[in-house]
Amino acid sequence: MQSTATLVSAESPGGNALAGNPLLTLQNCSLTLNDTHILRNIDLNIRQGEFVSIIGPSGCGKSTTLRLMLELLKPDAGGRSGAGQVTFPKVKPRRGMAFQKPVLMPWLTIRGNVELSLSLGPQKTPQSLRRGKAEAALELVGLLSYANYYPKQLSGGMQQRVALARTLAAEPELLLMDEPFGALDEMTRNTLNLELLKLWENRANGLKSIVMVTHSLHEAVSLSDRVVVLSSRPAGIRSIIDVPLPKPRSAGFVSVEETPLYQQTIARLRRELQSDD
Amino acid sequence: MTEVSERRPLEILKRYDALLYPLVFISLLLVAWEVSVDAFKIPAYMLPAPSDVLDAMDSDLLNHTWVTLQETLWGFLIANIAGFFVAVMFVHFRPVELGLFPVAIALKTTPLVALAPLLVVWLGTGMASKIAASALICFFPVLINSVKGLRSIDAESDELFRTYQASRQEIFWKLRLPASLPYVMSALKISSSLAVVGAIVGEFVGANAGLGYVVLVSSYHLDTDVMFSAIFAAAFIGLAFFWILEAIDRRFIFWQQEGAD
């Protein structure tokens, strides 16, 4: 892994393009919604096999960036610098989204909620396979024994794990996470981050890359390969910082925080966030 | 979850409470009534004793109750199916909502009593006019609550479904419809009591059977005991209907108790 930061300019989209084929590329993406200029000229490459975190001031457009990747929103077509584009390799990667809230259907059992991601849209899984896949995903997050419960009977952390299982069941190649554990207490959050890291390191269910929006510098550094720092609104990419920590990380999940390298990376990120354009 | 078994005896007691307390109070009320009528020598045409009212309940009353019950159920059924259907139209086709909503408001604000004679002119003195009156009075609350329920989905759920590229049908059947059920259930409960009102108002205007007809005719003859028996029968229909719906609500809409208005 590269240990140097890569500052991005408009000429080199997505920064360092040495490793991994791109799974998704944002090219010159600007976004204006209801006359509000939210994103300006975002160039970002998500490569196969990497975990990317996006941090930035609150309300700057981090979640909006994820929504571009999901194609729930389209980048501005025109502007001074031309049309923005979201491009993929020949075969679009399957994308899955984990929201800040678990967004479970209260009328469905836990199993039913996980099966939901398998029973919607043009790529739905045949009925006969859903149950098995859902249960396998629940097994991954350690909640198989709660399959017949209803969301209300589970704690916030468990609900969030169900949401993760729902996303994983659909076997996404690119997992997008919008502060998935942001609403949880710190201890639960740490546990879930470690679980996520293990799923990631095992490449559970054919996972290829993860993009995670977060507020927590610690979360960003301990999980990701690269951290994208956005500026305040209209958000552009201020810098992309490589995290030079050894992998796999799950074994030294806690102890790594005491290493100088970890502390330095956190400090760098903090400086990047505070520097004003 | 493991405490369930320990709590059980208490829960059972509580469940009986809901039945026991009303029964005790109603019995006390009836006894007080019976005693007062006797003690204060209230004439029977003013206020008959509960025992007299009980005597007045004969097979004739049962027949009239059956007529009103049918009118109520049909009116209720038609209003709910139509109300929900129009609500689905409203939610999916904005022009339909913009065009029809004022009409629905006009229907609601026009007193049913004013419309009932028209219904009798159109549909005759049989059951049809009462069913129509009953359906008319139920329609609006069903419509409003259903629209509210179908719109009650939050932005995240909508986004979740769009992430999986769910079709409009899938969003309707797997998201909108179940999300609307608690609201629809409250609508059913509200309209269950309104349905009885509608049927009886219809019977007042022109009928030859039904509880409203019994009330009207017995008032001409000052058969107050018969009148009371019909009032009680009407109240019982409304109450039983509401209870059944409440039980269904608790059994099937377990995920949410707060509903609509």
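Is Leu118(A) buried or exposed? Select Leu118(A) and let's find out. With 23 C-beta neighbours inside 10 Å, Leu118(A) counts as buried (buried means 20 or more other C-beta atoms within 10 Å of its own, exposed 12 or fewer, partly exposed in between, with C-beta atoms placed from the backbone).

Before moving on, some ground rules. This is a predicted model, where local features need pLDDT of at least 70 and side-chain atom pairs count only at pLDDT 80 or more, while totals for chains, interfaces and linings use all residues. Residues are numbered from 1 along each chain as its sequence is written, and chains are lettered from A and ligands numbered from 1 in the order in which they are written.

**Stop 1: around Leu118(A)**

Leu118(A) sits in the loop between α2 (110-116) and α3 (127-140) of chain A (helices are DSSP runs of H or I with at least four residues, numbered from the N terminus). Setting aside neighbours within four places in sequence, its contacts include Lys124(A), Arg130(A), Ala134(A) and Ala169(A) (a contact means C-beta atoms, placed from the backbone, within 7 Å). Now pick Pro93(A): its C-alpha atom is 16 Å from that of Leu118(A), and the two are 25 residues apart along the chain.

**Stop 2: where the chains meet**

Show both chains. Their contact takes 15 residues from chain A and 14 residues from chain B. On the chain A side you'll find 11 nonpolar, two polar and two charged residues (Ala, Val, Leu, Ile, Met, Phe, Trp, Tyr, Cys and Pro count as nonpolar, Asp, Glu, Lys and Arg as charged, and the others, Gly among them, as polar).

**Stop 3: two domains in chain B**

Colour residues 1-42 of chain B as domain 1 and 48-252 as domain 2; these bounds come from an automatic or database domain assignment. Taken over C-alpha atoms, the centres of the two domains are 29 Å apart.

**Stop 4: a helix pair**

Next, select residues 112-123 (α5) and 168-205 (α8) of chain B, which pack at about 60° with axes 9 Å apart (axes are lines fitted to C-alpha atoms, for helices over the stretch in contact, and angles run from 0 to 180 degrees between N-to-C directions). That makes α5(B) oblique to α8(B) (under 35 degrees is roughly parallel, over 145 roughly antiparallel, 65 to 115 roughly perpendicular, and the rest oblique). Among the residues making this contact are Leu112(B) and Val120(B) of α5(B), and Gly198(B) and Val205(B) of α8(B). By class, the contact has eight nonpolar, two polar and no charged residues.

Key: Two residues are in contact if their C-beta atoms, placed from the backbone, lie within 7 Å. Helices (H or I, at least four residues) and strands (E, at least two) are DSSP runs, numbered from the N terminus.
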